[in-house]
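Here are a few notes to read with the model open beside you. Take them one at a time and find each spot as you go.

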Amino acid sequence: MSTAKTEAKRVTTHTLQEMKAAGQRIAMLTAYDYSLARLVDSAGVDVILVGDSASNVMAGHETTLPITLDQMIYHASAVVRGCERALIVVDLPFGTYQGDTKRALASAIRIMKESGAHAVKLEGGREVIGSVERILTAGIPVMGHLGLTPQSIYKFGTYVVRAREQEEADRLREDASLLEQAGCFALVLEKIPAGLAGEVAGKLQIPIIGIGAGNKVDGQVLVLHDMLGINKEFNPRFLRRYADLHEVITGAVSHYVADVRSRDFPNEHEQY
Ligand code: KIV
């Protein structure tokens, strides 16, 4: 009998394209560290996003703007070490790709070289097409992100649903097509009406991954800490909680504190 370890077949950008063609939904989640990335990967997620939401959930910042390229590379390399199967996509952080295509390429190359990830993601439409095209010249796959783009929060002023008005919806449709033509392998659509997201997914050939964009798209993404219920303060309508780790973790930790105080821990079997 062979004891050889069976290696998981790596998900690639081509796998995602095939999944769209076959009508098979794509499951994507964020991860920012080795231990949770291992669990997420072994549970069968297709794409792991090392999101700049790390700025909020890992570092406690109010927005995604402060996180740096070095910090994203640190998180991404930990995730890469924890994964065998998922395609790993890393967010280009704010200020590392906008308005300077040369800088965009240099930032993307640093992510790929120093973390070992498989693709990058950036936010925006027509204004970042130059950056997308330049990054692609180095053979680096690029995922786009339209709708609510958190790096532009100070332009929007709020985190409300985007593209409800005709003009903004038309602009999003055009931007989605431009990103596809420029060579993006997939797009994230965040917090836009389900009908509009479904229309874009039907029109474009590349996979469309939604977050708060309904279920007529080709896949879904959520922030891991939100769907695991670690963070209780964030409650948008689109978020389904699959666990209540806030309760589990605070319960376990307060139990430990009580056991230490009462001298119940460690007992005679837990010592040498
Ligand atoms: O940074 C992030 O977690 C994201 C997802 C919300 C798509 O961009």
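**Notes on the fold**

1. Start with helices H4 and H5: their crossing is right-handed (the near helix is turned clockwise from the far one by less than a right angle). H4 covers residues 69–82 and H5 residues 101–115, and they pack at an angle of about 35 degrees with axes 9 Å apart. Helices here are DSSP runs of H or I with at least four residues, and strands are E runs of at least two. Axes are lines fitted to C-alpha atoms, and angles run from 0 to 180 degrees between N-to-C directions.

2. Before going on: this is a predicted model, where local features need pLDDT of at least 70 and side-chain atom pairs need 80 or more, while totals for chains, interfaces and linings use all residues. Numbering starts from 1 along each chain, and side-chain values use heavy atoms, leaving out hydrogens and water.

3. Now the barrel: 8 strands close up in the order S1-S2-S3-S4-S5-S6-S7-S8, with parallel pairing (strands pair if DSSP finds at least two bridges between them). Neighbouring strands are turned by 25 degrees against each other on average, direction ignored.

4. Zoom in on S6 (residues 186–190) and S7 (residues 208–211), which pair in the parallel sense over 4 bridges. Leu 187 stands opposite Ile 208 in S7. Helix H8 (residues 166–182) packs on the sheet, touching S5 and S6; contact means heavy atoms within 4.5 Å.

5. Not counting residues up to four places away in sequence, Leu 187 touches a list of residues including Met 143, Ala 176 and Ile 206.
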